[in-house]
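Biologist: Could you take me through one part of this model up close? I have the sequence and the structure open beside me.

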Amino acid sequence: METALNIGPQHPSTHGVLRMKTIIDGEIVKKCEPDVGYIHRGLEKIAENRMYFKFTPVANKIDYLAAAAWEHCYISCVEQVLDMDVPERVKWARMLMLELQRIVSHLFWIGTLCMDIGQPTVFVWAMREREKFLDIFEEVMGGRMTYGWMIIGGLRDDITPSQVTMMWHALEEVEKRLPEYYRMTEKNHIFKKRLQGIGVITKEEAIAYGLTGAVARASGVPYDVRKDDPYLKYEEVEWEMITREAGDCWARYEVKRDEIYQSISIAKQAIKKLPNGPFRLKNAATLRPPTALSLKTPENGEAFVRNECPRGEGCIYLRTDGSNFPYRLRIRGPSFNNLCILDHVCRGATIPDVVAILATLDPVFGECDR
Amino acid sequence: MAKEVIPAQLLKGIGKKVNDNEFTVKRENIVKACKALNNGGFEHLTLITAVDWQDKWEIVYHITKFGRKDVVVLKVTLPYNDPKIHSIEKIWIGAGWHERETYDLMGIKFTGNKDLRRILLPEDYEEFPLRKEVLYGNRS
């Protein structure tokens, strides 16, 4: 007999505010329709009513777990339309912080995944490691979760040598600690069984549904914007794109796990190569009125930027009309597009599997609902 | 990066080249153009955007291919009083949610989309908030 079961929107394992209208037969899910939009804030409309520099703090809140990624996405989009080429030091510094942000975001993700699967110890450990990085963010970027550190044409503050030392120690420490996590997860039979062979997404499905990020790479889709369309200095550091063929929850776990190591490696190289030089352009839009208020955008200007955010391909498409306000700003939230496969994957799975599948799809609802 | 496939040849007779990677396509040709690109190896639909120019609509498609540095842009202009275009859900299933979102916020009707309902806003919402005619607060 089929029963309708409503999951969410306030259930903790929905990672925020997702409602799933599920039809179940016993414990088998027949249909699972995701209902998104509970924290839709109308960011695209807000953007049209704010001057370019005033949208930066809002851009931070697109994905509140990886604010720097979206801050950079927005700032680089405006820089592209203004035809600004930022100094070398800025590029390296931004890349360094983006990778630290990716580590933080992935750590949080591993923590919440383990919590959903019933391994709360790892959650507490991940929070402990994350805390070190949040301290660094507070020191360097002026905030623990949301920053406003990047400005159009450079950075608000420079990175000091003592901060670099802090970063290096934190990276060394997290690298040392990570194997402990794996003893709690990979050596754990239950954890493995909950993920292996569950929620398989084939390569063809991943492409047809437009999945990106770790979800797509776990299904064998070789797509990482950092490799495909390198921005900042990703071409000048050595790292590899992690892919898996299996496409199940376990593969998605493995991809993200290995990406932390890659990010640590990129961050270390960035620290070593961080050049000296100015940390902003002369005409950067600092928060002092004359520069920020007199931004001249081209009439009928257009810019499209794609970045590899921790959750997938994040894009911002900007149209300008010569005024100090964006004419149209379109945000592609990777979580939104990764979620559209949920119904397809969940069919035939059991209810506990839905939790595992959702956790490995890794949606963040700030980004999904925008 | 080598440009092994030249989009201009793929879209010959379907779209008009504006610059290197940008094409304007007529409303009735959009499905054909997307199919041609998809067959030519452009397998990833990144984004569907609608822009409200107050006298016309512009629907912008960003399509790319794995390992390619640039993105192909297709632009379709629709008359203001008739915002209707054919859905490309049959080519990319993922386009369905993009289209639903565009319908939800802009009111563009995608004919052929199986499930064209509001997605982010409540079902009984009356306006299409991203339209320029809908005013929101003060500009500052």
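Biologist: In chain B, what share of the contacts with a separation of 6 or more comes from residues 24 or more positions apart?

Modeller: Happy to! Please keep in mind that this is a predicted model. In chain B, residues 24 or more positions apart make up 45% of the contacts with a separation of 6 or more. Of its 140 residues, 43% count as buried.

For a look at strand pairing, turn to chain A. There, three strands make an open sheet in the order 6-7-8, with antiparallel pairing. Strand 6 (299-309) and strand 8 (326-332) of chain A are the edge strands, each pairing on one side only. From one strand to the next, the twist averages 10°. Nine bridges join strand 6 of chain A to strand 7 (residues 312-321) of chain A in the antiparallel sense; within strand 7 of chain A, A:Gly312 is the bridge partner of A:Cys309. Helix 3 (residues 67-82) of chain A packs on this sheet and touches strand 6 and strand 7 of chain A. The direction of helix 3 makes about 150° with that of strand 6 of chain A.

Definitions and conventions. Residues numbered from 1 in each chain as written. Chains lettered and ligands numbered in written order. Predicted model: local features only at pLDDT ≥ 70, side-chain atom pairs only at ≥ 80, totals over all residues. Buried ≥ 20, exposed ≤ 12 C-beta atoms within 10 Å, placed from the backbone. Contact = placed C-beta atoms within 7 Å. Pairing = 2+ DSSP bridges. Helix = DSSP H or I, 4+ residues; strand = E, 2+ residues; numbered from the N terminus. Axes fitted to C-alpha atoms, helices over the stretch in contact; angles between N-to-C directions.
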